[in-house]
Amino acid sequence: GSMGSDKDLLRRFTRVNGITGNESGYTSVDAACSSPLDRAKAAIKNFIAAFDTTKDYFSLVTFSSEVNYPLAHSRDRQALFARVDTLTPGSATALYDAIIGGLDVLSGNEELNVLVVLTDGWDNSSAASASAASDLALKLNVPVYIIGLGNVNSDTLQYISQVTKGGFYYTDNPGSLDSIYQKIQSSIQSFYELRPYIVTGE
């Protein structure tokens, strides 16, 4: 997908977003990121760092042809950052399965939750459908925010985010991911005291 070996994106977008220090001292990404995936990692880390981990939990779900759960319900920023750093691009996209997997983890949670999804390709590997994913989110009352990077099925992603009362953000510029995550963070913090749940493409 767009976070793999997309040389056109690398040529077109040279500006890099790095993580700046915060009061907790979490600084881990400088301005030397060299790929769309590096920029995605930096944006995800900034997103995590913006929340109060004394009360907010994060989980990380990754997906390519399969869905994986490398870290669940963590308040440890450094552990979350370390897992984000291990992300690698894949050749397939099981997006709908990943959404359902994330929602399944949240299903026993009585607190308010939100699903944040980053994808850089069309779903080509899921057993589940887009409607199955959105129906489960509606049943669990979990808004789904989706970021589509590059060649994605914008109509379907827009549908999922709209019916679940989340939001859809499209970009073909990896350098804009940081600002998009900031918009999502502001939206979440305006309405919820919650346990955020991250889903990101592998």
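This is a predicted model: local features need pLDDT of at least 70, side-chain atom pairs count only at pLDDT 80 or more; totals for chains, interfaces and linings use all residues.
**Exercise 1. Work out how α2 and α7 are oriented to each other, and which residues meet between them.**

Step 1: Find the two helices. Helix α2 covers residues 36-49 and helix α7 covers residues 177-191.

Step 2: Look at the geometry. The two axes come within 8 Å and cross at roughly 25°.

Step 3: Classify the angle. Angles under 35 degrees count as roughly parallel, and α2 and α7 are therefore roughly parallel to each other. Their crossing is right-handed.

Step 4: List the contact. From α2 come Arg 39, Ala 40, Ala 42, Ala 43, Ile 44, Asn 46 and Phe 47, and they meet Leu 177, Asp 178, Tyr 181, Ile 184, Gln 185 and Ile 188 of α7. Sorted by class, the residues of this contact are nine nonpolar, two polar and two charged.

**Exercise 2. Now take α2 with α3: decide how the pair is oriented and what classes of residue make the contact.**

Step 1: Begin with the numbers. Helix α3 spans residues 77-85, and it packs with α2 at an angle of about 165°, the axes being 10 Å apart.

Step 2: Apply the cut-off. An angle over 145 degrees counts as roughly antiparallel, which makes α2 roughly antiparallel to α3. The crossing of this pair is right-handed.

Step 3: Go through the residues. On the α2 side are Lys 41, Ile 44, Lys 45, Ile 48 and Ala 49, which meet Arg 77, Leu 80, Phe 81, Val 84 and Asp 85 in α3. This contact divides into six nonpolar, no polar and four charged residues.

**Exercise 3. Trace the unit made by β4, α6 and β5, then see how α5 packs on α6.**

Step 1: Pair the strands. Strand β4 (residues 144-149) and strand β5 (residues 167-171) run parallel and are joined by five bridges. For Ile 147, the bridge partner in β5 is Tyr 169.

Step 2: Bring in the neighbour. Helix α5 (residues 130-140) packs with α6 at about 15°, with 9 Å between the axes. That angle makes α5 roughly parallel to α6, and their crossing is right-handed.

Step 3: Inspect the contact. Ala 130, Ser 134 and Leu 138 belong to α5, while Thr 156, Tyr 159, Ile 160 and Val 163 belong to α6. The classes are five nonpolar, two polar and no charged residues.

**Exercise 4. Describe how β1 and β2 are paired and connected.**

Step 1: Check the direction. Strand β1 (residues 58-63) and strand β2 (residues 67-74) run antiparallel, with four bridges joining them.

Step 2: Find a bridge. Phe 63 has Val 67 as its bridge partner in β2.

Conventions. Residues are numbered from 1 along each chain as its sequence is written. Side-chain values use heavy atoms; hydrogens and water are left out. Axes are lines fitted to C-alpha atoms, for helices over the stretch in contact, and angles run from 0 to 180 degrees between N-to-C directions. Angles under 35 degrees count as roughly parallel, over 145 as roughly antiparallel, 65 to 115 as roughly perpendicular and the rest as oblique. A crossing is left-handed if the near helix is turned anticlockwise from the far one by less than a right angle, and right-handed if clockwise. Contact means heavy atoms within 4.5 Å. Ala, Val, Leu, Ile, Met, Phe, Trp, Tyr, Cys and Pro count as nonpolar, Asp, Glu, Lys and Arg as charged, and the others, Gly among them, as polar. Two strands pair if DSSP finds at least two bridges between them. A crossover is right-handed if, with the strands pointing away from the viewer, the path from the first strand over the helix to the second runs clockwise.
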